[in-house]
Amino acid sequence: MALATQQPCFLVGAALGRLAGPSQRQALLSAGHRTGLRSYVGGMAQPGQRSGVAGSVLGQHGLFLGPAALVAFASCRRAGRRTIERRAVAVDVAPAATDAAPRQLPRPAHWVIRTTDLKKSVDFLTQVFGMSVLRHEEQNAGCKITCNGAISKPWSKTMIGYRREDEGYCLEITYTYTVDSYTPGTGLAYIAIGVDDVKSALEAAADLGYTVDGDMITGPEQYKYRVVPQPAGREERFQYVALNVRGMAKAEEFYKNALGMSDLTADSPHASSQDGDVVRVVGYGDSDEVPLVLREDPKSPFFKLQIWEGRNALSIPSQALNVAYRKVVDEKPGGSRVLHKLQTEPLQPGKVKRNTDLKDLEIAIVVAPEGFEVCIVSSETFDIAVADAYNPGVEIDWSWREQKTIDVIRETAELEAQQAAEAAAAAAAEAEGVKE
């Protein structure tokens, strides 16, 4: 066992090993295998990851810590924003990382939003915030895991942001052909984005005809975006996603106990800028991640989620993903549930060239308290796949899409006419049978 840093949280495993007897030590390592903690206890810390994360994950996944380990864990929590500059290994029970699939902590990947006018949404995000289209895909049928909502029609998804998807956060814009409106919900409060010139961004939004109130822009489909100064030294432009919840205790139980997130409120600059009575900032602790800001408003009688709220997507190492999924299935923290069962998706042939032995993508959709949908995907496969699919500068064929819309409208009308005719024929046959 080699230690390349003196950060105390990575000594937790060592402390546990010293406190435990042989049989207890083996049980601990077995628990690490069962819970998927090998990638945390013996994992490679990437630059910028907060020192408190490893200790936090140990506690949240039910490992019992002895006194020395608890001291180390407390030191991790106090360490706050200190970062790890070199790799550390406390309990070397995980296979070595490779260039194609580096080990990493879970991370927020993107948020799904809806649109009835893709060009309008793309123009807004590119012209106001300086984003770029990262990739664009057309789908001929509704998504079987309801990525575009429970709508069985052709649709498209457009990933838009600032960096390659495996390196940074982004938005996924879904457009479903012939859907001409979405009803805004009250759960997704806004998305905070950092810019170099706040005044210019707000003016650009106003020039495009969008409502600007202080530092808040109401954009296409009534989504709200808070414009904030980009913090010095931070590469990620997305700052956080603010959600309204009616019951903070249930929300915390889900995000911490099921998804293994930490309470980052004490160290976060975002907690003080919220309007809710109770605020929690939760995430995995990386200095460049996009956390969730949960705002409790238990008195609101109008809390209601819609398809409009979209979906939160997290990229999680496979073993930790399976732990999270089993917790939702078995324990239902905070009243959470499964929407789409854990499944594997083979990658398209030729999509990934860097690793021919890449495993199938693991994916599940779970529902958080209040009804927020959360997509969890295996990072070992997802991050490589999206890096391979990265297509900067892709041009969306707007003329083709216009024709596609015409075709879908025609096909929908023909199908509805056929179904009506079949229903009429069935009713007539039934009436004839009654007469006889």
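Reply: Below, each word is checked against its cut-off.

Me: How much of the model is predicted with a pLDDT of 70 or more?

Reply: 72% of the residues reach 70 or more, and the mean pLDDT of the protein is 78. Keep an eye on residues 1-103, though: pLDDT stays under 50 there. The model has 170 contacts beyond four places in sequence for that stretch.

Me: Okay. What does the secondary structure come to?

Reply: It comes to 11 helices and 16 strands. 8 of the strands form an open sheet with mixed pairing, in the order β6-β7-β8-β5-β9-β12-β11-β10.

Me: What makes β6 and β10 edge strands?

Reply: Each of them pairs on one side only. β10 covers residues 262-263.

Me: How do you know that β5 and β8 pair?

Reply: Count the bridges. Two strands need at least two bridges to pair, and strand β5 (residues 188-195) and strand β8 (residues 224-229) have 5, in the parallel sense. So they pass the cut-off. You can look for Val195, which stands opposite Pro229 in β8.

Me: Now the rings. Why are Phe124 and Tyr210 called an edge-to-face pair?

Reply: Two checks. Ring centres must lie within 6.5 Å, and these are 4.8 Å apart. Planes over 60 degrees apart count as edge-to-face, and these stand at 65°. Both checks pass, so the pair is edge-to-face.

Me: And what makes this pair a tie between separate parts of the sequence?

Reply: Phe124 lies in helix α6 (residues 118-129), while Tyr210 is in the loop between α7 (198-207) and β6 (211-213). The parts that the pair ties together are therefore 86 residues apart in sequence.

Me: How many aromatic pairs does the structure hold?

Reply: It holds 10. Another one is Tyr175 with Tyr177: their ring centres are 5.0 Å apart and their planes at 90°, so this pair is edge-to-face too. Tyr175 has a relative accessible area of 10%, so it is buried. Tyr177, at 0%, is buried too.

Me: What makes you say that Arg401 lies over the face of Tyr175?

Reply: For Arg, the CZ atom has to be within 6 Å of the ring centre and within 35 degrees of the ring normal. The distance for Arg401 is 4.6 Å, and Arg401 does lie over the face of Tyr175.

Me: Which residues have the most contacts inside the largest nonpolar core?

Reply: Phe129, Tyr225, Tyr255 and Leu259 do, in a core of 62 residues. Helix α6 gives the largest share of this core, 6 residues. If you leave aside sequence neighbours within four places, Leu259 is in contact with Phe254, Tyr284, Leu314, Ala324, Val374 and Ile376. Apart from this core lies another, of 13 residues, including Cys147, Ile363, Cys375 and Phe382.

Me: Why is Asn391 called partly exposed?

Reply: Asn391 has 37% relative accessibility, so it counts as partly exposed. Its place is in the loop between α10 (379-389) and α11 (398-435). Beyond its neighbours within four places in sequence, Asn391 is in contact with Val133, Leu134 and Arg135.

Definitions and conventions
Residues are numbered from 1 along each chain as its sequence is written. This is a predicted model: local features need pLDDT of at least 70, side-chain atom pairs count only at pLDDT 80 or more; totals for chains, interfaces and linings use all residues. Side-chain values use heavy atoms; hydrogens and water are left out. Rings of Phe, Tyr and Trp (its six-membered ring) pair if their centres lie within 6.5 Å; planes under 30 degrees apart count as stacked, over 60 as edge-to-face and the rest as tilted. Helices (H or I, at least four residues) and strands (E, at least two) are DSSP runs, numbered from the N terminus. Buried means under 20% relative accessible area, exposed over 50%, partly exposed in between (1.4 Å probe, protein chains only). A nonpolar core is a set of buried Ala, Val, Leu, Ile, Met, Phe, Trp, Tyr and Cys residues joined through side-chain atoms within 4.5 Å. Contact means heavy atoms within 4.5 Å. pLDDT is the predictor's confidence in each residue, from 0 to 100.
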